[in-house]
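Me: I would like to work through this structure step by step. Shall we take it in questions and answers?

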Amino acid sequence: MKPTYSALVFDLGNVLLPFNYEIILSGLDRIEIGLGEKFKRFYRTNYELHRELECGKLSEGKFLEIVLGALDNKLSKEDFCELYSNIFTVNNELVRILPALKKNYKLVLMSNTNGIHQRYGWGKYEFLKVFDKLVLSHEAGAVKPEPAIYKAVEAYTSAQPEEHFYTDDIAEYIAGARLLGWDAVQFTGNGELFTEMDKRGIRY
């Protein structure tokens, strides 16, 4: 017997919105040759700054101060925010089925993200209005795969864990959902996701 789903939960980055960090590096190199590589090295060795921003432990102001300092203040805060955030494109084939899914299920977006990307990057997309709820790490105070962010989704849906179907491109985050009793599949492409949804009788 197929389980009964009441909530469908989607990741944002590289599921609904593919992104490309190379755009940031190229933009920085247009300001000064080598600035992109400098940023990449700094970001890789200080990745905790990114995580702290995503879970709301680090303010945007402090994050920008640290990052721009590492870039020798070669650009303004505004210019950096624009460059840092204009990295997204839309997965139109997947976005197109959201209104049909909404007719039968609660739709929730659960994303590790930050306020800069939200305001300057992905927050402009109209399809986000289809979702019943956006559960965002910097607002929830937790990042995937921490249980608290999944529990924030459950607090909204008021559904049993097994009533949630979730897709994310990162295997670790899928594992976190399964530990809590969710049904979850790693996103590897639209066709594969549609096949998994068909198997479960999810109507779209």
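**Strands, helices and rings**

β1 and β4 pair in the parallel sense, over four bridges. Strands pair if DSSP finds at least two bridges between them. Helices (H or I, at least four residues) and strands (E, at least two) are DSSP runs, numbered from the N terminus. This is a predicted model: local features need pLDDT of at least 70, side-chain atom pairs count only at pLDDT 80 or more, and totals for chains, interfaces and linings use all residues. Residues are numbered from 1 along each chain as its sequence is written, and side-chain values use heavy atoms, with hydrogens and water left out.

Me: Which residue of β4 is the bridge partner of A7?
Reply: β1 and β4 pair in the parallel sense. Within β4, the bridge partner of A7 is H164.

Me: What is the handedness of the β-α-β unit made by β4, α11 and β5?
Reply: Point the strands away from the viewer; a crossover is right-handed if the path from the first strand over the helix to the second runs clockwise. The unit of β4, α11 and β5 is right-handed.

Me: How many residues of β4 are buried?
Reply: Buried means under 20% relative accessible area, exposed over 50%, and partly exposed in between (1.4 Å probe, protein chains only). On one side of β4, H164, Y166 and D168 are buried, and on the other F165 and T167 are. The buried count for β4 is five of five.

Me: What is the angle between the planes of Y5 and F165?
Reply: Rings of Phe, Tyr and Trp (its six-membered ring) pair if their centres lie within 6.5 Å; planes under 30 degrees apart count as stacked, over 60 as edge-to-face and the rest as tilted. A search of the whole structure finds 14 aromatic pairs. Y5 and F165 form an edge-to-face pair, 6.0 Å centre to centre, and the angle between their planes is 75°.

Me: How many residues apart in sequence are the parts that Y5 and F165 tie together?
Reply: Both Y5 and F165 are buried. Y5 lies in the segment before β1 and F165 in strand β4, so the parts tied together are apart in sequence by 160 residues.

Me: What is the centre to centre distance of Y150 and W182?
Reply: Y150 is buried, at a relative accessible area of 0%. W182 counts as buried too, at 4%. Their pair is edge-to-face, with 85° between the planes, and the centre to centre distance is 5.4 Å.

Me: Within what arc do the buried residues of α10 fall?
Reply: The buried residues of α10 are I149, Y150, V153, E154 and T157. The arc is that of the directions from the helix axis to the C-beta atoms. These residues line one face of the helix because they fall within an arc of 150°.

Me: Which residue just after α10 takes a positive phi?
Reply: α10 spans residues 147-157. Just after α10, a positive phi of about 55° is taken by S158.

Me: Within what arc do the buried residues of α3 fall?
Reply: In α3, the buried residues are L49, H50, L53 and E54. They line one face of the helix, because seen down the axis they fall within an arc of 135°.
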